Amino acid sequence: MAIPKVCGIETEYGILVRGGESNPVAASSVLINAYVNDRSRRIDWDFQDETPGVDARGFSYEDALAPEVESHLVNAVLTNGARFYVDHAHPEISTPECSDALQALVFDRSAEEIVRLSMALAAPLLPEGAELLLHKNNSDGKGNSYGCHENFLVARETPFGRLVAEITPHFVTRQIYCGAGKVGCEAPGFSASDVPFQISQRADFFEEEVGLETTLKRPIVNTRDEPHCDPQKYRRLHVIVGDANMSEGATLLKLGTTSIVLSMIEDGFLGSDLALAHPVPAIRQISHDPTLRRTVLMQSGRRMTALDVQWSLLERASRYANERGLASVGDQVGRLVLSLWEEVLTGLAGDRTSVANIVDWVAKERLLDAYAQRHSVPAGDARLRAIDLQYHDMRPGKGLSARVGLRTFVSAEDVSRGIERAPETTRAYFRGECLRRWPADIVAANWDSMVVDVGRDPLRRIPMMEPLRGTKAHVGELLESSSSIADLVDRLGA
Amino acid sequence: MAERLHKQRQTSDRTGEVSAEPGAATEQGEKLRAELDDLLDEIDDVLESNAEDFVKSYIQKGGE
């Protein structure tokens, strides 16, 4: 049986200070500090290794040493259960753990709003005349890429080799509806005149089929084995091959289709007959061909387009839903994803414009073409690159994606609530609510534990090894009736 | 659903156009076109004034 597809997204934003010294690390720190200092109290991230001990109930407590905190760079935990920090030279937000793709979309949108709030709070702290620019994109157009990673809970018992083989065709071809679009090309050996516009921001940067790296020789399937939960039962599949999306529909599809495909793999339902002969060249060839006509060679000797592969995956997913159900991805969300998946493939195969409200690269290409036509702009003109960048611009009023008619899938109320409050259906609820209720008593936190000060020695560490324990249904009443963190710890230990 | 998908796919392969609800699609297409026209009318106010400089100065460090 496929296990629940708990998921989340980590996004590194492009950052630039205009009219001042542009040190991206310093700028990221100013941005994030402005936000966390505006909140009641900054709670640091705890770098201690995961606790191997597993409590049958999902958590208990144990004595703790002082948490390992890297104090030179800001790294905070928020009351919505997210992590907001400086990663390399970018500000990064990891959403809290979410119980399905639609909830993860809400928290990805909330993360965007947190970035906008941070920009507003940081503005007065900048030197006179300086402006902070943030972009939710993945490349500067000059060969430098930064990531938007997804994470999915998968069963440890599923052999990893089979998982790699069977997920790869999806990772290579899902870009036809998840790609954010890019003007030009950054793959070695290609110029912008070879590829004036391509489907994906990221495809140019993938050089291996499978591996541990994320910054060099990036692999299509990343093997980082850091489950942040019970390692006997689970893996966290760390997906580095996606683009950051502005379109809510694209984010929903990216997470939703991948959750369903992973469930099919866990259940041995998918099969391996969609394996590609050469996945690394294929991911670029598909990205470099916005006509979607390019075929790629399969291991079987057939040639298929990315659309063919996606239709096959969707047909299997539909059969899977009928025969096995969609409990692992949430039944309602699963149905929504299947119908959107069908809608988007139908549109891509026929009237492309019909999916310009869902697919980022189609929306962007349409805008670029219309602009070029109206102003007789030649290919390669800087204005087209500027439009590409500004599609992802986070400044209110400057972001072009907000004006191209993208469809919304989540309510403004949910997004706004997600800025402060954690999802109620994962352990993020426990983390977020403890932070919200007793900020002065939480010393540090990370994904699978929290270190608290109960007012007497020693500090206590509360492990949270089960992603679906610590939900509102599980601990809501306990939190409500605890008068202090010490009281809570006593009750947990009782 | 799989059967329906298969039919749609054949249709799309043959004619290159598919629309389950032509009325709705047209209406949506018009709405998108109108929005795009509006955006093009005002885009020069929104776009960076010196695109060449802006694009040149947009340099990021690799991440992840």
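Biologist: What share of the 64 residues of chain B counts as buried?

Modeller: The share is 33%. Buried means under 20% relative accessible area, exposed means over 50%, and partly exposed lies in between (1.4 Å probe, protein chains only). This is a predicted model: local features need pLDDT of at least 70, side-chain atom pairs count only at pLDDT 80 or more, and totals for chains, interfaces and linings use all residues. Residues are numbered from 1 along each chain as its sequence is written, chains are lettered from A and ligands numbered from 1 in the order written, and side-chain values use heavy atoms, without hydrogens and water.

Biologist: What makes the pattern of chain B α-α-α?

Modeller: Chain B has three helices and zero strands. Helices (H or I, at least four residues) and strands (E, at least two) are DSSP runs, numbered from the N terminus. Read along the sequence, that gives α-α-α.

Biologist: Why is A:His135 called buried?

Modeller: Its relative accessibility is 0%, so A:His135 counts as buried. A:His135 sits in strand S8 of chain A.

Biologist: How many residues does each chain bring to the contact between them?

Modeller: Chain A brings 60 residues and chain B brings 40. The area buried between the two is about 4500 Å². Buried area is the accessible area (1.4 Å probe) that two parts lose on being put together, summed over both. Carbon and sulfur atoms give 56% of it.

Biologist: What makes B:Glu48 and A:Arg395 a salt bridge?

Modeller: The rule asks for a side-chain nitrogen of Lys or Arg within 4 Å of a carboxyl oxygen of Asp or Glu. In this pair, the closest N and O atoms are 2.6 Å apart. The pair passes as a salt bridge. Across the interface of chain A and chain B, the rule finds six salt bridges.

Biologist: How do you know that the span of helix H1 of chain A agrees with its number of residues?

Modeller: The expected span is 1.5 Å times one less than the number of residues. For the 15 residues of H1 (residues 24–38), that should be 21 Å, and the end C-alpha atoms are 21 Å apart, so the two agree.

Biologist: Which residues of H1(A) are buried?

Modeller: Among them are A:Pro24, A:Leu31 and A:Val36.

Notes
Contact = heavy atoms within 4.5 Å.
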